[in-house]
Amino acid sequence: MNKKSAEAESTEKKKPKAMAKIVIDRDRCKGCYFCVKFCPRELIVISEEHNKQGYFPAEFIEEKEGECTGCKTCAIMCPDTAIEVLK
Ligand code: SF4
Ligand code: SF4
């Protein structure tokens, strides 16, 4: 392995794997905010607009799409199966 590819590989190793995104079904969400609390990258916030059920649903921060690792913690924690993880 030459120096350049060794450097590229070591930079690659330092970078977190981040190629996923999530989709939250706003109208299924009951606002427990487990996903907000447990996302290790803090990529989920509380929406300012309520859904059909009157809850303020969780919302993925679209600007941070490239930072989601697809770890599925949010989807696993969600009691209402409102989160789908796309890889
Ligand atoms: S899959 Fe993981 S990193 Fe992505 S939003 Fe859910 S908890 Fe956060
Ligand atoms: S865990 Fe599910 S129900 Fe709870 S706030 Fe997140 S999306 Fe909504």
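Author: Start with one rule: Ala, Val, Leu, Ile, Met, Phe, Trp, Tyr, Cys and Pro count as nonpolar, Asp, Glu, Lys and Arg as charged, and the others as polar. By that rule the shell around ligand 2 splits into 12 nonpolar residues, one polar and two charged. Bear in mind that this is a predicted model.

Reader: Which residues are closest to ligand 2?

Author: C29, C32, C35, A58 and C78, out of 15 that surround ligand 2. Cys and Ala both count as nonpolar.

Reader: What makes a residue part of such a shell?

Author: Its C-beta atom, placed from the backbone, must lie within 6 Å of the molecule. For ligand 1, 14 residues are listed, and C39, C68, C71, T73 and C74 come nearest. That shell divides into nine nonpolar, three polar and two charged.

Reader: How far apart are K37 and M77?

Author: In sequence, 40 residues; in space, 9.9 Å from C-alpha to C-alpha.

Reader: What makes a set of residues a nonpolar core?

Author: The members must be buried, be of the listed nonpolar types, and be joined through C-beta atoms within 7 Å. The largest such core has 13 residues. I24, C35, I44, C74 and I83 touch the most other members. In soluble globular proteins, nonpolar side chains tend to be buried together.

Reader: What is C35 in contact with, leaving aside neighbours within four places in sequence?

Author: I44, A58, C74, M77, C78 and I83.

Reader: How much of the protein is buried?

Author: Buried residues are 16% of the 87. Each of those has 20 or more other C-beta atoms within 10 Å of its own.

Reader: How do you know that strand 1 and strand 4 pair?

Author: Pairing takes at least two bridges. Strand 1 and strand 4 (residues 83-86) are joined by four, so they pair, and they run antiparallel. V23 stands opposite E84 of strand 4.

Reader: Which residues of strand 1 lie on the covered face, and which on the uncovered one?

Author: I22 and I24 are on the covered face; K21 and V23 are on the uncovered face. In a regular strand, side chains alternate between the two faces of the sheet.

Technical notes
Residues numbered from 1 in each chain as written. Chains lettered and ligands numbered in written order. Predicted model: local features only at pLDDT ≥ 70, side-chain atom pairs only at ≥ 80, totals over all residues. Buried ≥ 20, exposed ≤ 12 C-beta atoms within 10 Å, placed from the backbone. Contact = placed C-beta atoms within 7 Å. Helix = DSSP H or I, 4+ residues; strand = E, 2+ residues; numbered from the N terminus.
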